[in-house]
Amino acid sequence: MQPFDYIRPRNLEEASHLLAQAGKRARVLAGGADLLIGLEHGMVSADWLIDIKHLPETTGLSLDPVEGLRCGAAVTLRQLTSHPEVRRIFPLLVEACDHIGSVQIRNRATVGGTICSASPASSLATVLLCYDTQCHVFGPEGERNLPLSEFFLGFRLTALTPGELLTQIVLPLPARHTKTAYHQLRIGSAGHPPLVGVAVAASLNPDRQGDWRLALTSVAPHPYRARQAEALLAGPLPTPATLHEAVDAVEKSSQPIDDHRASAAYRLAMVRVLARRALEEVAGQLAGGSP
Amino acid sequence: MNHEIAATVNGEQVQLTVASHHTLLRMLREQLHLTGAKNGCGSGECGACTVLLNDEPVYACLVLAAEADGAEVVTVEGLATADELLPLQQIYIDQHGFQCGFCASGFLISASALLKRNGRPDLDTIRAALAGNLCRCTGYGGIIKAVQSASRVRR
């Protein structure tokens, strides 16, 4: 690896200052599961690595009965998915993370690092979108919050401006009896990113009107919410015709590319299959009123 | 930039000067001469460099030496005592858990961590726990069986 300096800032202000000063010559180091590979293979270069793992703002993981789940950016995937309340209340997080990398990766890769890598193929980012995740950012101008759905601006491009870092995410508590499903297609064993991924979360209000969240990965420059499909599904329990329209809307919303893992045509065909399966699974659970 | 770090490696306190850009793997192999952990891929995929960092299996090629300051590290050399191998290690030998041996250190670390957490893993659990370790020789059958046998040894 090309030499670089390693710094542990004492607080957020120092971290932000270092990042602002160094610009593209500095990178935030959280788990290193992505960054160190890039540095090792010369795909990424940096003069400074700013380690944020020791800052109190980035390491907490707690459930607040009103606010929801507060998760620091440096919380590892393993920490997140072994928290009993997370497993109970946010099952999509566990389903997504269980297939990311390996035990060794999940013991290091962090929630914040995963989000800020802004990979187009991220199971975790996709399910976080379904949970209406909010991003808390700290920078030279102080703190700001923005929805995760506004955090990804393009291929590996985030809304972070120079000097800013993601400190934590907040997931509001899902409505009671929210049903979820995450379907992904991967080549080979665990550890490889999804070829296509569809996450669905839905709940019925007291009048049995449905509120739907649908997020997709690997079929666009970044994970996103399929808003048109969500709008079609909202309201009374969807009929087979409605589900079909929603799948059409999902296909229309996606813009996959050919790459070394799969062709655009294959991804387009598979996103229909996965979307239909995930939607039917959730619709069935809603109709059945299962707990 | 160099860093003075203090860590516990295989139960012993060590104090080292490490370069910022050196990985934990490089520190273990070149400075401490613990060459059990291997450099297989440098990409966090093959698992040949797996060590325990604060009780958790990690890829030492994806951890900076400087990040190990204040941490506990266990390598394959630290699994056995001076007098005897772990049951896992003995069974691994007896049941042909390796051929060339390059992957063995990593597998033993991952498997020992599994058995410490889960005394009775089923085959799927064993496979999932070892999914981050690759073997090019054995076809995994002997490895999985050895780990399962080790889980059945009464402690």
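User: What covers the buried residues of helix α11 of chain A?

Analyst: In this predicted model, the cover includes β13 (210-217), β14 (224-225), α10 (227-233) and α12 (264-288) of chain A, where contact means heavy atoms within 4.5 Å. Helices (H or I, at least four residues) and strands (E, at least two) are DSSP runs, numbered from the N terminus. Residues are numbered from 1 along each chain as its sequence is written, while chains are lettered from A and ligands numbered from 1 in the order written. Local features need pLDDT of at least 70, side-chain atom pairs count only at pLDDT 80 or more, totals for chains, interfaces and linings use all residues, and side-chain values use heavy atoms, leaving out hydrogens and water.

User: Which residues of α11(A) are called buried, and what makes them line one face?

Analyst: Thr242(A), Leu243(A), Ala246(A), Val247(A), Ala249(A) and Val250(A) are buried, that is, under 20% relative accessible area, with exposed meaning over 50% and partly exposed in between (1.4 Å probe, protein chains only). Down the axis of α11(A) they fall within an arc of 160° and therefore line one face. Pro240(A) and Lys252(A), on the other side, are exposed.

User: What makes β2 and β4 of chain B edge strands?

Analyst: Strands pair if DSSP finds at least two bridges between them. The open, mixed sheet runs β2-β1-β5-β3-β4 in chain B. β2 (12-19) and β4 (56-59) of chain B each have a single partner strand, so one side of each lacks a neighbour.

User: In which sense do β3 and β5 of chain B pair?

Analyst: β3 (residues 50-53) and β5 (residues 72-74) of chain B pair in the antiparallel sense over two bridges. Leu52(B) has Val74(B) as its bridge partner.

How values were computed:
The arc is that of the directions from the helix axis to the C-beta atoms.
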